[in-house]
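Colleague: I am new to this structure, so please take one part of it and go through that part closely, step by step.

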Amino acid sequence: MVNNASIRHLRCFVAVAEEGSFARAADRLGLTHSALSATIKAAEAAMGVGLFHRTTRRVELTPAAAGFLPMARVLIRDFDTAIDDLRGQAGGQGGHVRIATATSVMAVVLTPVIEALATQHPDMRFTIRDGVSSDVQNRVLTGDAELGFTSRWQDDAALSFRPLLRDELGLVVREGHPLAAGPAVPRWDGLAPWPYVALTLDTGTRVALQGAGVLPQPRHEVSTFTMLAPLLMAGDGFSIVPALFGSLPVARGLVFRRMARPNVSREICLITRRGRALSAAAQTVMAQVLRRLRLMDLPEGSRALR
């Protein structure tokens, strides 16, 4: 059976699904209502399945269409990325690179790379989203990002994890805290008297700490460094964070200290989707990141793996 479904069919299908209305979808796409209806009928004929239940008041996805919607969005994103990349190559160098990353990796590694590439290739564009490890993995998995930079949250056969750097986890407290100074290296078993402000379980840092089993139950849990810093500044709590945290602006007023053994660390990886070729622009970014890691001076407690 010949498949005559087209990218136009997909765009119209997604628009109607997201708007829940043929009239609103037609406005969004700049089409007449009749033209959109004809395109949806053609899409249903090409795919061999009904996509919508239509009533006088609303439009609902059929069960088959509801399962197909996430894949349709991915196909549209991949198509648009491929066209952007093709246009960029035709113009010399360009393309659109979508990246998902941990905040610390963005600050220390990616920002200089992106600034350099923006100067060298003015037609290259970036969409960058930060998030915890689970967010980054999911964005790469769904096609919302082509490249991901974070620690591994959980294994996934659909994803490829390329280790880039190892980041030791250590103590962070406000300046003036009793744990902030002293000749002795802090011990894990000496932290129990103080409130523990933990990163949540959807972060690679917390996953690494859970495996090590070296900390008490947390008093509070937060998902980002941006939320963690004010809590530490306002009280006597402590947290355990990666060494790269000390390079972030939000860490001003906080003290990072390496811990006594056992050493616990996170491994920052380049995450890509298996079986999906990277665009030329994404390959350029990847090559520049690897080059920067070979040449840069990382904070104490961090080291490049490649």
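Modeller: A residue is called buried under 20% relative accessible area, exposed over 50% and partly exposed in between, with a 1.4 Å probe and protein chains only, while helices (H or I, at least four residues) and strands (E, at least two) are DSSP runs numbered from the N terminus. This is a predicted model, in which local features need pLDDT of at least 70, side-chain atom pairs count only at pLDDT 80 or more, and totals for chains, interfaces and linings use all residues. Residues are numbered from 1 along each chain as its sequence is written, and side-chain values use heavy atoms, with hydrogens and water left out.

Within α1, the residues His-9, Leu-10, Cys-12, Phe-13, Val-14, Ala-15 and Val-16 are buried, and the helix is followed by Gly-20, which has a positive phi near 65°.

For comparison, helix α6, residues 133–142, has Ser-133, Ser-134, Val-136, Gln-137 and Val-140 buried. Viewed down the axis of α6, these residues fall within an arc of 165° and so line one face of the helix, the arc being that of the directions from the helix axis to the C-beta atoms. The cover over them includes β3 (95–101), β5 (147–151), β6, α7 (204–212) and β11 (265–273), and just after α6 Gly-143 takes a positive phi of about 90°.

Note on methods
Contact means heavy atoms within 4.5 Å.
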